Amino acid sequence: MFLPSMVGGLKNTVDKKQSTGAAAESKTTELRKDVDQMDNSLSFLKKEAQELRSNENNFKLEIKSLESNILYQEVYNRRENLRLLNLHKTSDERSADTKEVVYRFLERELKMEDVRRIEFQRIHRIGKKSSRYTRPVIARFLRFQDRELVFNAAREMRDSLEVKVLADLPKEVRERRKNQWPKLRQARAEGKRAFFSWQEPDKLYIDGILVAE
């Protein structure tokens, strides 16, 4: 009696252990599946994150390109303009009076002839009135050829002029150029050909190579 009972007990014990082992193996298999699913989910999320970052970078580039196009369009819209600095004001600020000051500057300082034939769309001073400084003048020419004639005459005499005659560029372009001026001056001092692009005036080229900002 004792031996069969003991054998039966051992068999029950073995069966329980086998059952427990099978359950553990089943649980392990389920855990492996869960881990695999988590790995797949993480891989998917990483891929999604990479695509989002790529799309974000593309959007940023597109936005920057659009902003540049808008900026260059503004530059184009101002191409008939010149900005005159240190052009001393007279007794009043009426447009006609400022126009006369510009004509006198062209005649007396730039030594240009027949300047009264030059027509302007508008001439006005910009900025707040102040007794401490002379406000800049924006002269918008009717004809681009006249604008170029004046600009080139002023450029040839710039070392002897108190008045500065500049292209009328947007503030953002002027700031970008300001940051590039040391490179331009150094390049010219070294005998290199350095210039700002006409179509993209914030871009500096030295010996035909675009300089990084």
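Trainee: In which loop is N86 found?

Mentor: N86 is found in the loop between β1 and α2 (95–109). Keep in mind that we are looking at a predicted model.

Trainee: What makes the phi of N86 worth a look?

Mentor: Phi of N86 is near 65°, a positive value in a residue that is not glycine. Most residues other than glycine have a negative phi.

Trainee: And why is N86 called partly exposed?

Mentor: Buried means under 20% relative accessible area and exposed means over 50%, with partly exposed in between. N86 has 36% relative accessibility, so it counts as partly exposed.

Trainee: Where does D207 lie, and what is its phi?

Mentor: D207 lies in the loop between β6 (204–206) and β7 (209–210). Its phi is positive, about 50°, although D207 is not a glycine. At 46% relative accessibility, D207 counts as partly exposed.

Trainee: Let's turn to the sheet. What is the order of its strands?

Mentor: The order is β2-β3-β1-β4 in an open sheet of four strands, with antiparallel pairing.

Trainee: Why are β2 and β4 said to stand at the edges?

Mentor: β2 (120–125) and β4 (164–167) each have a single partner strand, so one side of each is left without a neighbour in the sheet. On average, neighbouring strands of this sheet are turned by 20° against each other, direction ignored.

Trainee: How do you know that β1 and β4 pair?

Mentor: Two strands pair if there are at least two bridges between them. Strand β1 (residues 81–85) and β4 have four bridges, in the antiparallel sense. β1 and β3 also pair over four bridges, again antiparallel. Five bridges join β2 to β3, and these strands run antiparallel.

Trainee: Which residues are the bridge partners of R83?

Mentor: In β4 the bridge partner of R83 is L166, and in β3 it is I138. H124 also stands opposite I138 in β3.

Trainee: Why is β3 described as largely enclosed?

Mentor: Four of the five residues of β3 are buried, so β3 is largely enclosed by the rest of the structure. Helix α3 (residues 144–156) lies across β1, β3 (137–141) and β4, and runs at about 135° to β4.

Trainee: How do you know that the span of helix α4 agrees with its number of residues?

Mentor: The expected span is 1.5 Å times one less than the number of residues. Helix α4 (residues 171–189) has 19 residues and should span 27 Å; its end C-alpha atoms are 27 Å apart, which agrees.

Trainee: Where does α4 bend, and which proline follows?

Mentor: α4 bends by about 45° at Q180, and P182 follows within four residues. Q180 is also one of the buried residues of α4, along with V173, L184 and A187. Just after α4, G191 takes a positive phi of about 85°.

Trainee: Now the chain as a whole. How many helices and strands does it have?

Mentor: The protein chain has four helices and seven strands. Along the sequence they follow the pattern α-β-α-β-β-α-β-α-β-β-β.

Trainee: What share of the residues is buried?

Mentor: Buried residues make up 26% of the 213 residues in the protein chain. The chain exposes about 15,700 Å², and carbon and sulfur atoms supply 53% of that area.

Trainee: And what share of the contacts joins residues at least 24 apart?

Mentor: Among contacts between residues at least 6 apart in sequence, 57% join residues at least 24 apart.

Notes: Residues numbered from 1 in each chain as written. Predicted model: local features only at pLDDT ≥ 70, side-chain atom pairs only at ≥ 80, totals over all residues. Heavy atoms only, no water. Helix = DSSP H or I, 4+ residues; strand = E, 2+ residues; numbered from the N terminus. Axes fitted to C-alpha atoms, helices over the stretch in contact; angles between N-to-C directions. Contact = heavy atoms within 4.5 Å. Bend = angle between axes of the 7 residues up to and from the residue. Buried < 20%, exposed > 50% of the residue type's maximum accessible area, 1.4 Å probe, protein only. Areas by Shrake-Rupley, 256 points an atom, 1.4 Å probe, with all protein chains shown as cover.
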